[in-house]
Amino acid sequence: MTAEQSTVPAPPERKVVLYRNGSVYSAADPLATAMVVDGDTVAWVGSEQAASSIADSSMEIIDLRGALVAPGFVDSHVHLTETGIALGSLQLGGVRSAAQLLDAVSASRGEGPVLGHGWDESTWADSSLPGAEELERAAGGRHVFLSRVDAHSALVSSSLAAAAGLAGLDGATAGAQVSRAAHTAARREARRLPDASLRGYQQRALTEAAENGYVALAEMAAPHIGGVEDLRLAAAWNNAPGEHPVPEVLPYWGELATSEEHARQLLDGLGVPVRGLAGDLNIDGSLGSRTAALRSGYSDAEREQGSLYLTAAQAGAHLAACSLLGIQGGFHVIGDAGLDAALEALDIAAAEVGEQRIRAVGHRFEHVEVADAGAIAQLARFSVTVSAQPGFDAAWGNDGGMYQQRLGDRSRAMNPFASFYSAGVPICFGSDSPVTPLRPWSSVRACLEHHNVGERISARAAFLGHTRAGWRAARYHNPMAGQLVPGGPASFAVWDVEELMVQVADGRVQSWSTDPRARTPLLPALDTGTDPVCLQTVRDGHELFSSAALRS
């Protein structure tokens, strides 16, 4: 058989790209200014002089013109469909009164439900909320579902409340705001959308992520959020032939398992592989909606202590079941009483299956905002990863902000990033998008500028928490993920930066120019008031996003 007659397809042409004349964040060479990508792999990093000797006509050569090449970001906690809906619906973060909110609903055009996200009455001079009938009139009879910024409660119109059967459900009120079971039912009713619409929302979220330097996103799916079909749509992006490449989706499913056999049944019934039965399996709720479980009452509502959705015994059985299967388990937990239940669950599970098995699996807890020294020591003992959101502190940790309103002096000890690190607790970072936006450098800056000076961490620690630690927290199969080193995956972003420097968490000395002998990779200066601009995002050698400025 001649070559022309062969039915064996030719191997795809391998693409080699040389990036030069910039800065490369690499442990292999902290002073690197150039990098070669061969297909899906980093082939080389080194100096500009060496790049001149390597360059040839077979390569695509990209002149970085001083730009930074760095490992791509991993968001350790997102909700794709909810993010897409928030991006494409009413943006209510700037609303400062009930009247303004009603005006926004009245101005909404189109058919179907009026969806919106981001209102936060803690920023209003008058925190009074509109009523269900007021929303009904403003929308002209269309169903209305307006998610609070924390996505743990919402405002709903009277017609949506009736359609969802909210009367008598836990969390239903005489007004428009719903939480707990009523919030779940209302969200389910408002999101009765065709798969094509849901997929479109997810694509919008993935595009937003790629344009902001993310190469992977941990999707925290759960029955009360979008259901199994939503999870399947999200996981399908990892194997979507013919589609433009998108960030990798790292799917989790937050459903309670009562035994090893039940956990296996849950996994088999999903129809798609997940990284664990973890994520938004809620032990409690949120501080903004006063559903996070606290040991003592809220400062602005002393009779309220939030909600425990799971008992320690239930949570312990779940962790034991996951440990026996060798998969990650975990929970959404925010308040100190919620964390007490989660820590008791670890003890219960360890008594059943052994502490070593608990540690080996690498369970993860999401948020963990209110944790004292004893709790932090317990998390370290069991090697539990904390998946935290720095943007929460940036949004609500300021003097007079929502945290202080809800918790008073207790708010100063919240989100103890430095304490986690010093105790040896593995930590990774995310946005909980749409709760906070997909803006990774703003999230890194929030670690540097934590409102409690004692809980600030360095830019390098924050950057690693947003990159390499995200892969590790998901127990990713490639141990080199999150590093730009020869032989590592070509997953990175290119950034237009104003200045590069070493930054520390010490409030007295925010930054200094590095001594080359320190061999410390440089990161963007984050005290300039603006974030670096993403010029390109690449995952495993596939270009997810490219700005026209990159190759101009």
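Which residue forms a salt bridge with Glu 543? The partner is Arg 551, and the closest N and O atoms of the pair are 3.0 Å apart. Glu 543 is partly exposed, with a relative accessible area of 30%, and Arg 551 is also partly exposed, at 40% relative accessibility.

The model is predicted. Its protein chain contains 19 helices and 25 strands. The radius of gyration is 24 Å, which agrees with the value near 24 Å that a compact globule of 552 residues would have. The C-alpha trace spans about 75 × 55 × 50 Å along its principal axes. Of the 552 residues, 56% are buried. The chain exposes about 22000 Å², with carbon and sulfur atoms supplying 50% of that area.

The whole structure holds 26 salt bridges. Two further examples are tabulated.

| Salt bridge | N to O distance |
|---|---|
| Arg 295 and Asp 372 | 3.2 Å |
| Arg 381 and Glu 355 | 2.9 Å |

Arg 295 sits in the loop between β15 (276-277) and α10 (312-325), and Asp 372 in the loop between β17 (364-367) and α13 (373-381), so this pair ties together parts 77 residues apart in sequence. Arg 295 is partly exposed at 43% relative accessibility, as is Asp 372 at 35%. Arg 381 belongs to helix α13 and Glu 355 to helix α12 (residues 355-361), so their bridge links parts 26 residues apart in sequence.

Key:
Residues are numbered from 1 along each chain as its sequence is written. This is a predicted model: local features need pLDDT of at least 70, side-chain atom pairs count only at pLDDT 80 or more; totals for chains, interfaces and linings use all residues. Side-chain values use heavy atoms; hydrogens and water are left out. Helices (H or I, at least four residues) and strands (E, at least two) are DSSP runs, numbered from the N terminus. The radius of gyration is taken over C-alpha atoms; the globule rule is 2.2 Å times the number of residues to the power 0.38. Buried means under 20% relative accessible area, exposed over 50%, partly exposed in between (1.4 Å probe, protein chains only). Accessible areas come from the Shrake-Rupley method with a 1.4 Å probe; for residues, only the protein chains shown count as cover. A salt bridge is a side-chain nitrogen of Lys or Arg within 4 Å of a carboxyl oxygen of Asp or Glu.
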